[in-house]
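Please look over the structure below. The notes that follow cover a few of its local features.

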Amino acid sequence: MKKRAFALSAVLVAGATFAAAQNINAAGATFPMPIYQKWFEDYHKAHPSVQINYGGGGSGAGISQLTNRTVDFGASDMPMKDAQIAAMKVKPLHFPTVMGAVVLIYNIPGASAELKFSPDVIADLFMGGIKKWNDPRLAKDNPGVKLPAEEIIPIHRSDGSGTTFVFTDYLSKVSPGWKSKVGADTKVSWPVEGLNGAGNPGVAGLVKQTPNSIGYVELIYAIQSKLSYGLIRNAAGAWVKASLEGVTEAAAGAAKSMPDDFRVSITNAPGKNAYPISTFTWLLIPSQFPDAAKGKAIADFLKWMLADGQKEAAALAYAPLPQAVVAKEQKQIGMIKY
């Protein structure tokens, strides 16, 4: 009798454990994918009953799949537009996760120096106003650097991309011509055809294998691919290379006056050392979950992400969130209904 009771108890315990297990699916931005994968792996180790599966696909895919409810939450480097939010049955909440930098990577055989790029030069590199590496405007900003008389091959994203939004948002702020002719979005009509890569890894891979090319990726992908990336003249007129300190300075003003919905741009921010193509990146969390256990599991992960998760950011070349932003997000977690 005791053996039977013990067996029944074991079955009940196993059943309760199985019932509590949560398999959560998410998709979207590749910009923060390295740290998201690390977070989800570490969180699963600490909480074995919660498995968060993340597929990249770009910010556009994250927003689309969240809208269609084929994932439990999405991820984007571009805040959702009002029209996109209005199209959703359940209002999404924006949760900034980390901050990062979009850098210009290039592959110029024989040119090992760190190149400098003025804002107007960057715009013309991708609009076709500058066609060869030895263009006088590039040479002026890079005295003493031997640049080849070779055609420049621009490489951009093929998918709907938050990294593309951040890059084109910056260009729209520094170049009136870019703003009027191209604009800012996750997908744009590129004035110069060039080559297209899927995700940040695709762009980095194409630049690495294509001589005389230039592209844009999140900082960690330049570091992992061992690609050169340039200095950019910021709004204060200083030449700056992407760094965690530069990203943090770019966010300083926004952190003090962060809107309640967390939708903000920090490109071309003021500050002597501010890196000009910096951004927050967001998780897009439904404000209501019909599955209470799943909603609680996601809310618990967010609490962990804002505490323990932030400690892992710097090791992967992301800047942790300002404490003022973390405090506001901790309050917003209470808006998730389940």
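Which residue lies over the face of Tyr-229? Lys-241 does, at 4.4 Å from the ring centre. Keep in mind that this is a predicted model.

## Charges over rings

Lys-241 and Tyr-229 are one such case. Arg-233 and Trp-239 give another. Here the charged end of Arg-233 sits over the Trp-239 ring, 6.0 Å from the ring centre.

## Helix H2

Helix H2 covers residues 33-46 and has 14 residues. From first C-alpha to last, H2 reaches 20 Å. That is close to the 20 Å expected at 1.5 Å a residue.

Several H2 residues are buried: Met-33, Pro-34, Ile-35, Tyr-36, Trp-39, Phe-40, Asp-42 and Tyr-43. What do the buried residues of H2 pack against? The strands are S2 (50-57), S3 (73-76), S4 (92-107) and S12 (278-286). The helices are H10 (219-225) and H12 (292-306).

## Aromatic pairs

The model has 18 aromatic pairs. One of them joins Phe-40 and Phe-73. Their ring centres are 6.4 Å apart, with 70 degrees between the planes, and the pair is edge-to-face. Phe-40 lies in helix H2 and Phe-73 in strand S3, so this pair ties together parts that are 33 residues apart in sequence. Both Phe-40 and Phe-73 are buried.

Tyr-43 and Trp-304 also form an edge-to-face pair. The values are 5.5 Å centre to centre and 65 degrees between the planes. This pair links distant parts of the chain, with Tyr-43 in helix H2 and Trp-304 in helix H12, 261 residues apart. Why does Tyr-43 count as buried? Its relative accessibility is 3%, and the cut-off for buried is under 20%. Trp-304 is buried too, with a relative accessible area of 12%.

## Thr-210

Where is Thr-210? Thr-210 is in the loop between helix H9 (199-209) and strand S8 (213-218). Thr-210 has 11% relative accessibility, so it counts as buried.

The Thr-210 side chain reaches the backbone oxygen of Leu-206 at 2.6 Å. Beyond neighbours within four places in sequence, Thr-210 is in contact with Asn-107, Ile-153, Ile-155 and Leu-195.

How values were computed. Residues are numbered from 1 along each chain as its sequence is written. This is a predicted model: local features need pLDDT of at least 70, side-chain atom pairs count only at pLDDT 80 or more; totals for chains, interfaces and linings use all residues. Side-chain values use heavy atoms; hydrogens and water are left out. Helices (H or I, at least four residues) and strands (E, at least two) are DSSP runs, numbered from the N terminus. Buried means under 20% relative accessible area, exposed over 50%, partly exposed in between (1.4 Å probe, protein chains only). A polar contact is a pair of N or O atoms within 3.5 Å; within protein, one must be able to donate a hydrogen and the other to accept it, and residues adjacent in sequence count only if both atoms are side-chain atoms. Contact means heavy atoms within 4.5 Å. The expected span of a helix is 1.5 Å times one less than its number of residues. Rings of Phe, Tyr and Trp (its six-membered ring) pair if their centres lie within 6.5 Å; planes under 30 degrees apart count as stacked, over 60 as edge-to-face and the rest as tilted. A charge sits over a ring if NZ of Lys or CZ of Arg is within 6 Å of the ring centre and within 35 degrees of the ring normal.
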